[in-house]
Amino acid sequence: MPQFAALLRKDNQPVRYLVVDDSVFARKNIIKMVELFGGEVAGEAGDGLTAIAEFNRTKPDIVLMDITMPQMEGIEAVERIVRQHPEARIVMVSSVGYQENILAALQKGAKHFVQKPVKPEVLYEILRYVLGDDPGAPGAPVALAGEHRA
Amino acid sequence: MRMDLIQPFINAADAVFAESLQGPTRIGDLSMEEGVYRRKGIAALIAIKGDIEGRIILDLAPEVASRVASVLTGSEVIDNDQIVRETVCELANMVIGNSVTLLNDQGYTFKVFPPEVHSSDEGLAGSADTEAMVLAIETSCGSIFLNIAMHHLARRRRERGLAPVTL
């Protein structure tokens, strides 16, 4: 596994992640990666409904959200979270990577998309971008208050 | 047999196994399933609905599934059915997700359902309107079998030309 410089918040605290996937195995894999990036797991959820509750409870810096899940799918959960919290930063993580899905997720407020199987180096670059850590990237978002480059 | 429908599954499975298991893969035997499918070991089933409807079963012998789980979790997995089943389901999820992505690029639209452990010893057989085949992919962990049974809803695609259908 490659080494990565830690992605930190402006207050030098670890970035807090909410990991949403109906597969425990997939969540563990993602958690291993975010810990490798110096992050901290704020919460986990196995479906969209639980993800909304966990978002409200934990107020994570980043949500990593699967799409195909029971009860409520990821795209609907994104819509509901962003409606309540427009500042939410959500990255979709799914094996289903066709354009309609990606566009639907982005239209509902997701910031980015990464296709499974997830390569750590790809997720790392996407997280840097979404955290506003790569100002050279076209259209890079401005870092939110309380955060800056790691 | 519509190979244009089957090929994306073969390509996706090959790519996902090579990437996930970090080793070489080889497409092995491919056969049409004329009788009822018989499960070989630990299997996950994913249903798809849309322009093409059916189901895909990813099937691994127990010792192969344990080896795959060990590689994917980064630690040796012995006698842990829960982790092994989770691994097989997630592997199936990645293969099917990548397959439908490729098929979507060809203009087909789908709804993919979450994987479930396939515990029945038998599966859907091929029929007049259902393409069914079994494919073995050789990996560094052993053979992984894909059993694909599906039918192409040509009528739905024609209708969609008149009235768009959204996912």
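This report walks through a predicted model of a two-chain complex, from confidence to fold to the contact between the chains.

For the complex as a whole, the predictor reports an ipTM of 0.73 and a pTM of 0.80. Chain B has a mean pLDDT of 81, with 81% of its residues at 70 or more. As a rule, coordinates predicted with low pLDDT should not be read in detail.

**The two chains next to each other**

| Chain | Residues | Share of residues buried | Share of contacts (residues at least 6 apart in sequence) that join residues at least 24 apart |
|---|---|---|---|
| Chain A | 150 residues | 43% | 61% |
| Chain B | 167 residues | 44% | 70% |

Chain A is built from five helices and five strands. Read from the N terminus, its elements go β-α-β-α-β-α-β-α-β-α. Chain B has four helices and nine strands, and its order from the N terminus is α-β-β-β-β-α-α-β-β-β-β-β-α.

**The sheet of chain A**

What is the strand order in the open sheet of chain A? The five strands line up as β2-β1-β3-β4-β5, and the pairing is parallel. The edges belong to β2 (40-45) and β5 (112-115) of chain A; each has a single partner strand, so one side of each lacks a neighbour in the sheet. Direction ignored, neighbouring strands of this sheet are turned by 20° against each other on average.

Now for strand β3 of chain A (residues 62-65). With β1 of chain A (residues 16-20), β3(A) pairs in the parallel sense over four bridges, and Val19(A) is found opposite Leu64(A) of β3(A). With β4 of chain A (residues 90-94), β3(A) also runs parallel, joined by three bridges. On that side, Val63(A) has Ile90(A) of β4(A) as its bridge partner, and Met65(A) has Met92(A) of β4(A). To get from β3(A) to β4(A), the chain passes through helix α3 of chain A (residues 74-84), and this β-α-β crossover is right-handed.

In soluble globular proteins, nonpolar side chains tend to be buried together. In this model, the largest nonpolar core counts 90 residues, and those with the most contacts inside it are Leu64(A), Met65(A), Leu58(B) and Val88(B). Helix α3 of chain B (residues 81-105) gives this core its largest share, eleven residues.

Leu64(A) makes a handy close-up. Setting aside residues up to four places away in sequence, Leu64(A) touches Tyr17(A), Val19(A), Val20(A), Ile30(A), Val91(A) and Val93(A).

**Where the chains meet**

How many residues does each chain bring to the contact? Chain B brings 19 residues and chain A brings 16 residues. On the side of chain B that touches chain A, α1 (3-21) and α3 of chain B each supply at least two residues. The largest share of that side, 13 residues, comes from α3(B).

On the chain A side, have a look at Ser23(A), in the loop between β1 and α1 (24-36) of chain A. Once its neighbours within four places in sequence are left aside, Ser23(A) is in contact with Glu86(B), Cys89(B), Glu90(B) and Asn93(B). Why does Ser23(A) count as buried? Because 23 other C-beta atoms lie within 10 Å of Ser23(A), and the cut-off for buried is 20 or more. As for its place in chain A, the C-alpha atoms of Ser23(A) and Lys111(A) are separated by 22 Å, with the two residues 88 residues apart along the chain.

Technical notes. Residues numbered from 1 in each chain as written. Chains lettered and ligands numbered in written order. Predicted model: local features only at pLDDT ≥ 70, side-chain atom pairs only at ≥ 80, totals over all residues. pLDDT = per-residue confidence, 0-100. Pairing = 2+ DSSP bridges. Axes fitted to C-alpha atoms, helices over the stretch in contact; angles between N-to-C directions. Core = buried A, V, L, I, M, F, W, Y, C linked by C-beta atoms within 7 Å. Buried ≥ 20, exposed ≤ 12 C-beta atoms within 10 Å, placed from the backbone. Contact = placed C-beta atoms within 7 Å. Right-handed = clockwise from strand over helix to strand, strands pointing away.
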